[in-house]
Amino acid sequence: RATPRVMMRSSSVLLAALPGALAFFGKKAAPLPPPTRVEMLFVLLAKLGVPEATQVPMLVAVGTIVVFFLLLVAAAGGGPGGGGGLSLIKSFMGQESKRGIKVNDWIGDYNALHGAGEGQYDKDDKAGVEERNSMYAKMVNAYYELATLFYEWGWGQSFHFAQKKLNETFGESIRRHEYYLASQLEVKPDMKVLDVGCGIGGPYRNIARFTGCDITGITLNEYQVKRANELNKAGGLGAQVRSVQCDFMKMEPFQDNSFDAVYAIEATCHAPVRQGVYGEILRVLKPGAVFACYEWCLTDKYDTHNALHRKIKKAIEEGDGLPDMARPQEVVGALKDVGFEVLHTRDMALDDNFEGESWYLPLMPSFKPWTQRFQFTQIGMFMTKNMLWVMETVWLAPKGTYKVQQMLQQGGIGCSQGGSTGTFTPMFLCVCRKPLK
């Protein structure tokens with residue numbers, strides 16, 4: 001029985017004999033055409049040891065899955081924030097070429113800081129924490145250089161969680177969560193506000209539209225600054241909001257007593273020492289003004305002697321670019337250490353949410369393939385990993401893309417397990433005031 005591969009070889013033999021036959025009859029032989037991409041692909045499969053009889057079926061199966069995957073993400077986006085998967089890959093490849101980063105090298109260096117794959121969650125990770133604290137700027141910058149495009153595609157422009165109330169959409173819950181924090185600051189149109197760790201500016205654009213205030217956002221990552229300011233201009237907010245590249249441990253661009261209010265949404269957890277970032281916030285805040293934040297914290301249910309709890313903690317730290325995580329009392333203690341008057345604290349994940357959805361539900365497995373929750377199923381994880389690997393192999397995505405996706409996926413799984421076990425919260429609310437004297 002002739003397979004397509006045997007037929008191709010027979011054709012090659014005839015083509016090889018054609019020049020001699022033409023010369024025999026006194027005609028000049030035409031040059032042989034270069035091998036096609038299809039022929040090169042068959043040669044590659046043969047070198048990889050794939051049997052001839054399975055080459056075509058395998059390519060058909062892989063091609064079908066790739067087309068299905070691309071159509072799915074192109075049409076539906078990656079998650080509740082929407083977005084096109086094709087634009088994600090295009091942007092990721094452009095980011096690598098224009099910004100001179102090597103995705104595979106960067107994710108390798110990042111994983112090395114976390115001892116990825118070494119089971120560190122089940123060991124004393126004191127040395128690893130100290131190294132991550134000392135190199136936090138490099139680690140956080142590398143993390144967001146790799147993760148930002150995935151976040152925007154899969155989650156939207158606001159990189160944070162929110163409890164979803166009854167009959168709310170995902171976007172409405174995100175904005176309500178932001179507006180509630182702004183209400184703690186009593187923001188007014190003539191106020192100058194600072195967003196510490198602003199990402200690509202989703203929260204500050206929403207708050208600026210809602211309140212009319214002037215907002216400056218700071219982030220360590222240059223790509224996030226450029227992307228945020230592009231979105232600011234596109235949204236007609238270029239004169240009202242802006243992003244500045246700045247290390248929140250050293251806010252050198254800003255003088256003392258510069259801002260009428262300061263907030264941070266799930267950002268100061270990246271600080272190696274909480275007192276460092278809180279001290280800088282206190283310095284730039286005007287006397288009598290308010291600082292409010294949502295902090296990532298381990299709850300009182302977290303047990304350091306529980307192997308599952310340690311695994312969850314490690315997955316969150318590795319998947320979300322954190323040096324180490326703190327408990328609520330450590331956060332409150334750090335705020336008081338630098339001189340803040342703490343007005344109010346509470347874990348908003350424990351607030352009554354009648355017939356609503358928990359903040360971690362978008363990270364839980366679901367067999368609905370048009371949602372980002374599908375990737376957290378065993379089938380989804382297998383498909384996503386292998387599709388990205390195939391896309392890397394055929395140069396549709398930069399090498400290392402699937403490693404980045406795996407890192408973020410593990411962080412999502414850690415967060416969902418932390419939420420379901422009650423050992424982790426991303427919304428420990430702190431409201432503080434800078435004393436008048």
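**View A. Thr219 of β2 and its partner in β3.** Thr219 stands opposite Gln245 in strand β3 (residues 241-245), and β2 and β3 run parallel, joined by five bridges. Strands here are DSSP runs of E with at least two residues, helices are runs of H or I with at least four, and both are numbered from the N terminus; two strands pair if DSSP finds at least two bridges between them. This is a predicted model, in which local features need pLDDT of at least 70 and side-chain atom pairs count only at pLDDT 80 or more, while totals for chains, interfaces and linings use all residues. Residues are numbered from 1 along each chain as its sequence is written, and side-chain values use heavy atoms, with hydrogens and water left out.

**View B. The two faces of β2.** Six of the six residues in β2 (residues 214-219) are buried, that is, under 20% relative accessible area with a 1.4 Å probe, protein chains only. Asp214, Thr216 and Ile218 point one way, and Ile215, Gly217 and Thr219 the other.

**View C. β1 beside β2.** Strand β1 (residues 192-196) pairs with β2 in the parallel sense over five bridges, and Lys192 has Asp214 as its bridge partner.

**View D. Helix α8 against helix α9.** The axes of α8 (residues 170-185) and α9 lie 10 Å apart at an angle of about 65 degrees; these are lines fitted to C-alpha atoms over the stretch in contact, with angles from 0 to 180 degrees between N-to-C directions. Within contact distance (heavy atoms within 4.5 Å), residues of α8 including Tyr179 and Ala182 meet a set in α9 that includes Ile207 and Phe210.

Notes. Buried < 20%, exposed > 50% of the residue type's maximum accessible area, 1.4 Å probe, protein only.
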